[in-house]
Amino acid sequence: MTDHVVLLSLRAGVADAELSRLGDLLAGLPERIDGIESVRFGPSTSPEGLEQGYDYGFLITFTDAHARDRYLPHPEHAPVSALVQQLSEGVLVFDVGT
């Protein structure tokens, strides 16, 4: 398995409707792209306070690194990436797994 961790530092004034749209796009990915096991999306719930400005994030779990590699150029990834860029001042991507 490979986990694709994406942390977002949202721009000021991002509306709930925009976050809902991103959540909907992400939630539909497992149905449209082979190799995606699950998707989780939401605000940080950590009690540690170490987010360093990253207030939202999502985790996509792939069956393996090859599935992740197929996802990156996939046409269904493009609207997710575009909306993430529109809503965020900063984005951090970190993949874990083999």
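Me: Buried means under 20% relative accessible area, exposed over 50%, and partly exposed in between, with a 1.4 Å probe and protein chains only. Why does Q52 count as exposed?

Reply: Q52 has 73% relative accessibility, which is over 50%, so Q52 counts as exposed. This is a predicted model, where local features need pLDDT of at least 70 and side-chain atom pairs count only at pLDDT 80 or more, while totals for chains, interfaces and linings use all residues. Residues are numbered from 1 along each chain as its sequence is written, and side-chain values use heavy atoms, leaving out hydrogens and water.

Me: Where does Q52 lie, and what is its phi?

Reply: Q52 lies in the loop between β2 and β3; helices (H or I, at least four residues) and strands (E, at least two) are DSSP runs, numbered from the N terminus. Its phi is positive, about 55 degrees, although Q52 is not a glycine. Most residues other than glycine have a negative phi.

Me: Why is V5 called partly exposed?

Reply: Its relative accessible area is 25%, which falls between the limits for buried and exposed, so V5 is partly exposed. V5 is found in strand β1. Its contacts (heavy atoms within 4.5 Å) include F58, L59, L92, V93, F94 and D95, not counting residues up to four places away in sequence.

Me: What makes a group of residues a nonpolar core?

Reply: A nonpolar core is a set of buried Ala, Val, Leu, Ile, Met, Phe, Trp, Tyr and Cys residues joined through side-chain atoms within 4.5 Å. The largest one here has 19 residues, and L22, L29, I60, Y71 and V80 touch the most other members. At least two residues each come from β1 (2–10), α1 (16–32), β3 (56–62), α2 (65–71) and α3 (77–87). The most come from α1, which gives five. As for L29, leaving aside residues up to four places away in sequence, L29 touches I36, I60, Y71, E76 and V80.

Me: How do you know that the buried residues of α3 line one face of the helix?

Reply: The buried residues of α3 are H77, V80, L83, V84 and L87. Seen down the helix axis, they fall within an arc of 135 degrees, so they line one face; the arc is that of the directions from the axis to the C-beta atoms. What covers these residues includes β1, α1, β3, α2 and β4 (88–97).

Me: Why are the two aromatic pairs called tilted?

Reply: Rings of Phe, Tyr and Trp (its six-membered ring) pair if their centres lie within 6.5 Å; planes under 30 degrees apart count as stacked, over 60 as edge-to-face and the rest as tilted. The whole structure holds two aromatic pairs. F41 and Y56 are 5.4 Å centre to centre with 45 degrees between the planes, so this pair is tilted. That pair links F41 in strand β2 (residues 36–43) with Y56 in strand β3, 15 residues apart. F62 and Y71 are 5.3 Å centre to centre with 50 degrees between the planes, so this pair is tilted too.

Me: Are F62 and Y71 buried or exposed?

Reply: F62 has a relative accessible area of 0%, which is under 20%, so F62 is buried. Y71 is also at 0%, so Y71 is buried. F41 has 29%, so F41 is partly exposed.
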